[in-house]
Amino acid sequence: MKTIAVLTSGGDAPGMNAAVRAVVRTACVNGIRVLGVIRGYNGLINGDFVELDLRSVSDIIHRGGTKLYSARSAEFATEEGMQKAIQQCKENGIEGVVVIGGDGSFRGAQDLSERGIPCVGIPGTIDNDIACCDYTIGYDTCLNTIMECVDKVRDTTESHDRCTVVEVMGRRAGYLALNAGIAVGATSILIPEINFDIEKDVIERMKHTQLTGKKHFLIVVAEGVGVNVTDLAHDIQKETGVESRTCILGHIQRGGSPTVKDRVMATRMGHYAVKNLLMKGIGNRVVAAKNDNVVDYDIFEALNMKRHIDEYLYQIAMDVSI
Ligand code: ATP
């Protein structure tokens, strides 16, 4: 391949820049020209490209967000939008595309690959919800951000013998809530993958723990469970007598300088996408982390895998937070 493109798509995740840097540098040192696509698939449709060389990705490895910007593109999911993107690729000599994003972005990459533009997906999403991967870029930074924020709210929760109900991101997946909940010592953790009953799994647990002398509580709720945290805090206060507040962490969870783990994994994956796949003419693949190795899967196969939450880990969390 003489020219490839790289784009970031869907929700941004810390470490996307490190992945872009690795893609660009690996390609450049192997004589491949790289075009950065601005604002995900929208940029591909509109021909919004920027030429990237070795130095244009300097000083981004430590930055959160994405220097290529990201977007959700409704137009790209239509046949017309897809054809415009293909036309842009042809006109600009783009022979392969690295797509850094989540499973929605991989669906787009699969569609492009099927229409003759080989694409390689790199999992960049804070949710860690890509079934073929043990680990997605941005997840570790996000977990650490949640932990740091909740540690701060814990100080005041403890000082006033309160309960704080913390809502964390995770529309369809509870990995963030479960692992952050363990890390902050939450009394209850509500996630989409595990059925729960507020009375039994929150109120009764708190009452039981109160009997052992505990006076302050943290409850971690994944946004995807559909519980209104203000109502939950109100019910907790009414039922347990513990003054209760809410803390919705929101978009702060997406930002910040990526952790070592995210920078290293992003670098390995970006390098792999170019060196092991596109340079060999291989497309329609997703790069994945498996048992600390970097591997790849067919996109269709990857998108049809089912990932299960570690129920034993959930049980451990419940056993030790009582
Ligand atoms: P995250 O879940 O972390 O936000 P994501 O990549 O799953 O990341 P989406 O908003 O689902 O985010 O998808 C990003 C973009 O991928 C969409 O805006 C759309 O342009 C494209 N896309 C999603 N699904 C499809 C599809 N079925 N066919 C073609 N393109 C798609």
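This is a predicted model: local features need pLDDT of at least 70, side-chain atom pairs count only at pLDDT 80 or more; totals for chains, interfaces and linings use all residues.

Author: The largest pocket holds about 430 Å³ of space. It is lined by 25 residues, and those closest to its centre are Ser 9, Gly 10, Arg 72, Gly 104 and Ser 105. Helix 4, which covers residues 103-114, supplies six residues, the largest share of the lining of the largest pocket. Sorted by class, the lining of the largest pocket comprises eleven polar, nine charged and five nonpolar residues.

The second largest pocket has a volume of about 290 Å³. Among its 14 lining residues, Asp 103, Asp 129, Ala 131, Met 305 and Arg 307 are the closest to the centre. Two elements, helix 4 and helix 10 (299-303), each give two or more residues to the lining of the second largest pocket. In this second lining, seven residues are nonpolar and seven are charged, while no polar residue takes part.

The structure also holds one cavity of 30 Å³ or more. The space in the largest cavity amounts to about 40 Å³. Its lining is formed by Arg 154, Gly 185, Thr 187, Lys 214, His 216, Phe 217 and Leu 218. By class, these residues divide into three polar, two nonpolar and two charged.

The charged pairs come next. Side chains of opposite charge can pair when their charged atoms come close. Across the whole structure, ten salt bridges are found. One of them joins the side chains of Arg 33 and Glu 51, with a distance of 3.0 Å from N to O. Because Arg 33 belongs to strand 2 (residues 33-37) and Glu 51 to strand 3 (residues 49-52), this pair ties together parts that are 18 residues apart in sequence. Arg 33 is partly exposed, at 34% relative accessibility, and Glu 51 is likewise partly exposed, at 48%.

A further salt bridge links Lys 84 with Glu 75, whose closest N and O atoms are 2.6 Å apart. Lys 84 counts as partly exposed at 37% relative accessibility, and Glu 75 counts as partly exposed at 31%.

Asp 296 and Arg 285 also meet in a salt bridge through their side chains, at 2.7 Å from N to O. Asp 296 lies in strand 11 (residues 293-298) and Arg 285 in strand 10 (residues 285-290), so this pair ties together parts that are eleven residues apart in sequence. Arg 285 is partly exposed, with 22% relative accessibility.

Some individual residues complete the picture. Leu 7, in strand 1 (residues 3-8), counts as buried because its relative accessibility is 0%. The C-alpha atoms of Leu 7 and Ile 182 are 34 Å apart in space, and the two residues are 175 residues apart in sequence. Ile 191 sits in the loop between strand 7 (188-190) and helix 7 (198-211). Ile 191 is buried, since its relative accessible area is 1%. The C-alpha atoms of Ile 191 and Val 225 are separated by 5.9 Å, although these residues are 34 residues apart along the chain.

Tyr 312, in contrast, is exposed, with a relative accessible area of 62%. Tyr 312 lies in helix 11 (residues 311-320). Together with Ile 316 and Val 320, Tyr 312 forms a nonpolar patch on the surface, with about 340 Å² of accessible area for the three together.

Note on methods. Residues are numbered from 1 along each chain as its sequence is written. Side-chain values use heavy atoms; hydrogens and water are left out. Patches are made of residues with over 30% relative accessible area and no salt bridge: like charges are joined within 9 Å, nonpolar side chains (Val, Leu, Ile, Met, Phe, Trp, Tyr) within 5 Å. Accessible areas come from the Shrake-Rupley method with a 1.4 Å probe; for residues, only the protein chains shown count as cover. A salt bridge is a side-chain nitrogen of Lys or Arg within 4 Å of a carboxyl oxygen of Asp or Glu. Helices (H or I, at least four residues) and strands (E, at least two) are DSSP runs, numbered from the N terminus. Buried means under 20% relative accessible area, exposed over 50%, partly exposed in between (1.4 Å probe, protein chains only). On a 1 Å grid over the protein atoms alone, a cavity is a set of points where a 1.4 Å probe fits but cannot get out, and a pocket is an open set with protein on both sides within 12 Å along at least five of seven lines; lining residues have an atom within 4 Å of a point. Grid points are joined across faces, edges and corners, and a volume is the space filled by probe spheres set on the points. Ala, Val, Leu, Ile, Met, Phe, Trp, Tyr, Cys and Pro count as nonpolar, Asp, Glu, Lys and Arg as charged, and the others, Gly among them, as polar.
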